[in-house]
Amino acid sequence: MGSVSKKTVSGIIFLAICLILSMGTFAHVAYAEDEATPSGSREIKVGWFFSNDEEGSYADYSHEYLEAVAQQAGWHYTFVNGTFSECLQWCEDGTVDLMPYTLKTDEREQYLNYADLPEGTEKMYLVTSESNDRFSYEDYASFDGMVVATMNGDANTDYFRAFAAKKNFSVQIVTYPDYQSMFDAVNAGEADAFISGDYQGTGTYKLLAKFGEQPFYFVATKTKPELIGELNGAMSFIDLNYPDFQSDLTARYGVYQNQMTELSADEKAYLETSPTLIACLRSDRNPLAYKDSESEDFKGIVPDVLDYAIGSSGINIQYQNFSAESFRERNAVIVCPYDFNWADEHDLCITAPFATVSIVRVSQNSSSESTVAHLVDDYLTYDVYDQLPDDVNVVDYDSVQDCMDAVRSGEADCVYLSSYEAGYYSQIPRYNVLTFETLSDITQQVSFGMSNASDPELVSIVEKYVGTIDTEEIRAIVSDDSRMVYSESLTDVFYHSPMVGVIAALVLGVILIGMVVLAMLYRRKSRQAAEANAAKSEFLSRISHDMRTPMNGIMGMTRIAAEQDNPPKTVDCLEKIDTSSKFLLGLINNVLDMSKAEEGKIRLDIEPYRFELFSDYLEAVIKPACDEKGIEFAIEPHLALGYVPLMDRQRTDQIVLNLLSNAVKFTSSGGKITLEVDERLVDSGHMEIKAKVADTGIGISEKFLPHLFEPFAQEQRNDISESRGTGLGLPIVKQLVEKMNGTIEVQSKMGEGSAFILRGIVECVPEDKPWARRADATRAADVTDDEADARDARLAGLNVLLCEDHPLNQEITRLLLEKKGMRVDIAENGRRAVEEFSASEPGFFNVILMDIRMPLMDGYEATGALRALDRVDAKRVPIVALTADASAEDVRKCMDTGMNGHIAKPIDAQIFFETIEDVV
């Protein structure tokens with residue numbers, strides 16, 4: 001074994017793993033084929049009472065649903081045209097087999113078979129001409145005496161009469177033979193308004209009120225009793241595997257449900273206060289809501305719907321784990337059933353529904369229900385559990401997976417889940433032995449609920465935004481998230497094919513034996529390397545903190561001294577101290593970046609990055625430097641329209657800013673610097689980006705070019721003695737570019753200038769996707785004097801608890817805060833901070849500035865202790881890290897601990913005050 005090289009062993013391991021994975025793939029394909037729809041086709045006559053379009057097709061809600069049913073049932077259709085009454089008669093006597101869009105009545109159930117699941121649910125609206133200014137939304141006093149058009153025989157007319165009586169206005173009902181006659185009557189002024197459902201009209205009318213909601217169904221003739229079973233089977237399959245199907249159709253064919261309701265003056269004023277909505281979610285309900293295993297951010301249908309619906313309103317959304325107290329928490333929102341009786345019992349206001357789920361029974365193909373698993377705090381399935389007999393033993397479990405494992409192991413006979421969750425878990429191979437059965441008589445619409453103790457303006461705004469968002473976007477969100485695919489592990493091979501699993505286990509056993517032998521041979525060397533790397537990381541972390549702390553003192557006191565009335569010589573000295581301090585701080589950052597790059601520890605945070613934001617940032621940072629030296633600066637973009645690249649913003653800025661800063665440094669007055677950016681779409685998910693930074697500066701000698709990207713390498717020339725840097729900027733740029741799977745090349749000629757060319761292929765997303773739009777965060781830029789004065793006025797009077805152990809840093813920070821009119825209390829360690837806050841009146845402190853490395857109790861421990869206090873303000877008071885621990889990992893750790901912001905030392909005054917204003 002000692003003669004076998006590591007490269008050879010690695011090749012053997014790679015081939016064996018490929019073999020195992022290919023076995024798993026074959027097993028999976030066989031499993032998928034078993035579920036294919038059987039062949040065969042049967043003619044079904046459909047009674048059709050809708051108007052055809054110009055091409056003679058039936059492209060509406062019902063027709064599309066019927067086509068989906070046909071695909072599962074093996075049907076094809078012949079459509080028989082007639083009035084609604086004729087179609088009912090034909091379905092009764094067997095002339096046609098099926099008809100859609102039928103309300104359920106006791107009389108019709110005597111001679112028609114209704115599908116178990118509704119075809120859809122239709123909301124009803126009172127609608128008028130867009131040019132009619134006599135009526136406003138829900139201004140019921142103006143509705144009195146209104147002439148309302150309705151279609152002859154429309155059952156919803158009675159619902160509208162009851163609605164008018166409840167709202168205390170009288171109406172005159174005029175009936176018309178069809179929808180078009182109603183539209184014509186309103187347009188001609190014969191009627192003031194008409195009653196319409198989601199799927200009638202053109203959307204060019206004005207919404208006056210919403211009332212009533214009715215499910216409608218497919219019905220089948222009783223002369224062919226087998227049809228209803230085939231219909232129910234196909235609809236159940238669609239509902240389990242495509243739970244967003246109905247919302248998809250509604251998004252395409254619904255007319256009025258997305259029209260925005262105007263905000264009141266009080267609601268608009270309330271938004272000016274930048275309110276916060278606390279979203280309380282379960283973290284384990286894939287795909288409804290769950291926490292990402294790496295970022296710990298909430299993901300799934302619910303967060304995406306909330307972000308899209310509320311994100312544009314000006315309301316801040318803060319996510320936290322759901323608890324029993326979430327029902328009563330002021331200005332908190334939870335996911336709940338769209339059920340007003342249930343909401344009243346829990347003292348909640350509820351929004352319009354944003355999704356509809358079916359309930360799925362998961363079992364080991366058994367009808368027994370002596371013991372039923374139940375997910376704690378699952379309110380979407382409450383109706384099913386309420387109907388269980390009293391002798392059923394309901395056992396609570398903490399997660400959906402625990403419920404599924406209980407059923408699989410036989411601890412429980414079954415569990416009831418929403419169709420979204422059932423669809424996700426049905427993909428997991430170890431649950432293939434279970435049966436997933438959609439309940440035919442229960443569906444549940446899903447909405448958001450807020451405590452009645454919440455701000456009424458916030459409740460109303462949330463209701464309006466959720467109730468009127470673009471259903472096409474909601475459909476896309478629900479569709480994308482509900483189709484999240486379970487990532488199979490190697491152990492799933494055993495569930496696909498036990499025999500393949502046994503073979504794979506034997507192969508894997510041989511591999512593991514070899515790996516153990518190799519591990520023993522290299523353990524000592526690896527342990528020594530790991531210890532050295534750990535020591536180096538700890539040293540760099542310590543040295544970063546220990547160097548930044550005195551730097552904060554130097555730069556802070558320099559800033560304070562510069563604000564005094566100083567003689568010219570002192571002013572000059574202070575400016576040179578500030579310049580040298582910034583140079584030293586840049587050197588510290590570069591050394592740390594270079595160390596991380598060499599160890600491969602640089603982490604990229606990928607997100608959509610619009611060119612407009614990138615360009616604005618460079619204009620704000622580079623152009624002033626060019627103007628000061630008299631250099632022309634131009635940005636020449638050639639973009640892939642309609643798509644946004646996914647990049648690490650901070651590292652992208654760092655790369656380009658370094659190249660542009662060098663160009664400014666080595667280009668004389670009268671020169672020119674150009675940034676060219678070319679984007680080329682490779683496919684719908686990738687684009688090629690080429691960026692070129694060119695200048696007319698002094699250029700680089702041919703002799704030095706091969707050493708340009710070596711750490712600390714600097715060209716020895718008399719004409720750059722005053723522009724000499726650390727020699728780390730370009731090596732870091734090269735490491736970052738390669739980390740992003742890109743390339744960098746340089747072209748230069750002495751006395752003529754240089755050009756640095758970056759190339760790479762990155763992922764991209766359509767710019768109209770919610771994720772791309774949500775990433776349009778603006779950068780902090782220099783503020784005007786008027787803006788600074790307004791900000792200072794907002795900060796004046798705030799009570800600040802400063803947690804800082806270093807006396808000099810205490811003094812600097814206190815002076816900065818008091819100069820803006822803030823009151824400062826100082827705690828010299830984390831334990832003292834908790835004591836100071838506990839002794840204060842609730843709501844006294846507006847913000848807490850928290851150092852991290854402190855004696856007795858550090859900043860992380862203090863934050864946890866503060867958040868755990870039994871006080872109303874403990875979970876809400878903004879806590880901002882004020883620390884020399886400044887890496888991206890440090891920032892993430894602060895946020896994960898419960899802090900609201902991060903300010904790095906040395907303190908940048910503008911970022912310092914803007915951060916405080918943002919969190920307060």
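Start by selecting Asn-331, which sits in the loop between β14 (316–321) and β15 (332–337). Strands here are DSSP runs of E with at least two residues, helices are runs of H or I with at least four, and both are numbered from the N terminus. Before going further, note that this is a predicted model, where local features need pLDDT of at least 70, side-chain atom pairs count only at pLDDT 80 or more, and totals for chains, interfaces and linings use all residues. Residues are numbered from 1 along each chain as its sequence is written, and side-chain values use heavy atoms, with hydrogens and water left out.

What is the phi of Asn-331? It is positive, about 60°, although Asn-331 is not a glycine. Most residues other than glycine have a negative phi, and most peptide bonds are trans. Asn-331 is also buried, at 8% relative accessible area; buried means under 20%, exposed over 50%, and partly exposed in between (1.4 Å probe, protein chains only).

Next, jump to Ser-274, in the loop between α10 (265–271) and β10 (276–281). Its phi is positive too, near 50°. Ser-274 counts as partly exposed, with a relative accessible area of 46%.

Now pick Asn-286 and Pro-287 together: the peptide bond from the one to the other is cis, with omega near 0°. Pro-287 belongs to the loop between β11 (284–285) and β12 (289–291).

**Salt bridges**

The structure holds 28 salt bridges, each being a side-chain nitrogen of Lys or Arg within 4 Å of a carboxyl oxygen of Asp or Glu. Show the side chains of Glu-325 and Arg-328 for one of them, at 3.0 Å from N to O. Arg-328 is exposed, with 53% relative accessible area.

Then select Arg-759 and Glu-745, whose closest N and O atoms are 2.6 Å apart. This pair links distant parts of the chain: Arg-759 is in strand β28 (residues 753–766) and Glu-745 in strand β27 (residues 743–749), 14 residues apart. Arg-759 is partly exposed at 32%, and Glu-745 is partly exposed at 33%.

Move on to helix α26 (residues 807–819), where Glu-818 and Arg-814 are 4 residues apart and so separated by about one helical turn. They form a salt bridge of 3.1 Å between the closest N and O atoms. Glu-818 is partly exposed at 37%, as is Arg-814 at 27%.

For a network of salt bridges, select Arg-42, Glu-226 and Glu-230.

**A negative patch**

Which residues gather in a patch of negative charge on the surface? Select Asp-344, Glu-345, Asp-347, Asp-383 and Asp-386. Patch members have over 30% relative accessible area and no salt bridge, with like charges joined within 9 Å and nonpolar side chains (Val, Leu, Ile, Met, Phe, Trp, Tyr) within 5 Å. Helices α12 (340–345) and α13 (382–386) each supply at least two of the patch residues. Asp-347 lies in the loop between α12 and β16 (348–350), and is partly exposed at 43%.

**Last stop: α14**

Select helix α14 (residues 400–409) and look for Val-400, Cys-403, Met-404, Ala-406 and Val-407, which are buried. They cover an arc of only 160° around the axis, so they are on the same side of α14; the arc is that of the directions from the helix axis to the C-beta atoms.

Notes:
Accessible areas come from the Shrake-Rupley method with a 1.4 Å probe; for residues, only the protein chains shown count as cover. Lys and Arg count as positive and Asp and Glu as negative; His and the chain ends are not counted. The place of a charge is taken as NZ of Lys, CZ of Arg, CG of Asp or CD of Glu.
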